[in-house]
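Let's take a friendly walk through the charged side-chain pairs of this protein. Have the model open as you read.

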Amino acid sequence: MSADLVLVTGATGFLGSEVALSFIEKGFKVRGTARSQAKAQEWEQRNPSTKGKIEWAIVKDIVTPGAFDEAIKGVTILAHTASPFHFKVKDNLNDMLLPAINGTREALLAAKKTPSVRRVVVTSSFVAVLDLLAPNNGLGINYTEESWNPATLEEAAGSDNPAFVYCASKKLAEKEAWAIAEGASFDLTVLNPPLITGAFHQVVPNLAAVHTSAQVIWSVVDAKEVPHTAFPAFVDVKDIADLHVLAVTKDVAKGQRYLTIGGGYQNWQAADILRAHYPAEAHRIPVPTSREFPTGYTFDSTKVERDLGIKWKSFEQSVVETARDLFELEKAEKVAA
């Protein structure tokens with residue numbers, strides 16, 4: 001068992017749950033943050049194998065100054081996954097931009113003033129890399145770790161496009177992380193995943209509460225036609241969770257930014273996969289009228305493949321596992337009704 005104590009922020013969320021489980025599986029002592037003791041207890045009931053292997057720190061609001069000061073005591077590794085991921089925004093600045101920026105700021109500042117912290121990994125996003133407003137769907141652009149979303153705080157604060165605001169929030173939060181890491185005693189690694197699919201271990205009371213990533217796959221079910229694919233890149237949740245562990249245990253990852261894309265996809269592929277693997281539900285899933293791959297940007301994740309040796313789970317397997325949990329949740333809802 002490792003002597004390291006890992007703090008996983010947002011440990012009750014979709015990605016945070018998987019990150020906490022990956023660290024536990026690999027023998028680390030884990031402390032997770034949760035908004036309440038009740039949420040922590042619900043999570044342990046959902047994941048009974050973790051009992052006695054995870055401790056909890058209650059952080060009610062990650063943007064509060066000093067929010068993580070208690071939680072980070074004695075910690076040697078910080079995995080910061082907590083950040084808003086939704087498009088239900090009334091006030092761009094206060095509902096999305098500042099929570100993302102300030103949540104990252106508080107986590108990184110806590111690490112910076114805690115001498116025991118040696119390694120930090122921050123979950124950023126592919127949208128911190130992507131130029132959402134690039135013409136012709138980014139045709140001719142090949143996104144790499146050197147690419148940055150050009151959106152500014154001022155543009156995002158005044159935008160009426162929730163997706164643009166979300167994309168900007170991830171870029172601005174990541175920039176904040178790199179700025180704070182300058183001169184710190186810890187080494188920072190940043191991961192930039194796209195849409196995250198796969199099985200989930202968080203507590204989800206009903207379909208309405210399911211995380212945004214799973215909603216993308218679920219949007220194919222009971223649709224009149226296959227929905228448009230907004231961000232045609234994915235990674236499986238287990239892959240990106242394992243990369244969080246590798247990011248803080250491999251020397252080569254120190255100070256690195258990694259684009260972590262498992263592959264491209266289109267929603268018509270999700271429809272075909274669901275119809276093939278869930279024949280009892282096939283009547284609820286539209287048959288694609290087109291099976292084309294639109295022209296647009298490309299991306300390159302060979303750096304993380306080379307440095308950290310990741311082998312990506314296929315889109316088919318990831319979608320099957322996502323759908324399994326969603327159909328089971330739907331079935332449980334109907335039984336309870």
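This is a predicted model: local features need pLDDT of at least 70, side-chain atom pairs count only at pLDDT 80 or more; totals for chains, interfaces and linings use all residues.

The structure holds 21 salt bridges, and a few pairs are described below.

## Asp-4 and Arg-118

In this pair, the side chains of Asp-4 and Arg-118 form a salt bridge, at 2.5 Å from N to O. Asp-4 sits in the segment before strand S1 (5-9), while Arg-118 belongs to the loop between helix H3 (92-112) and strand S5 (119-123), so the contact ties together parts that are 114 residues apart in sequence.

How accessible are the two partners? Asp-4 is buried, at 15% relative accessibility, and Arg-118 is partly exposed, at 40%.

## Asp-251 and Arg-119

Another salt bridge joins the side chains of Asp-251 and Arg-119, at 4.0 Å from N to O. Because Asp-251 lies in the loop between helix H7 (237-247) and strand S10 (257-259) and Arg-119 in strand S5, this pair ties together parts that are 132 residues apart in sequence.

Asp-251 is exposed, with 57% relative accessibility, whereas Arg-119 is buried, at 4%.

## Asp-272 and Arg-291

The side chains of Asp-272 and Arg-291 also meet in a salt bridge, at 2.8 Å from N to O. Asp-272 is partly exposed, at 23% relative accessibility, and Arg-291 is partly exposed, at 45%.

Terms used. Residues are numbered from 1 along each chain as its sequence is written. Side-chain values use heavy atoms; hydrogens and water are left out. Helices (H or I, at least four residues) and strands (E, at least two) are DSSP runs, numbered from the N terminus. Buried means under 20% relative accessible area, exposed over 50%, partly exposed in between (1.4 Å probe, protein chains only).
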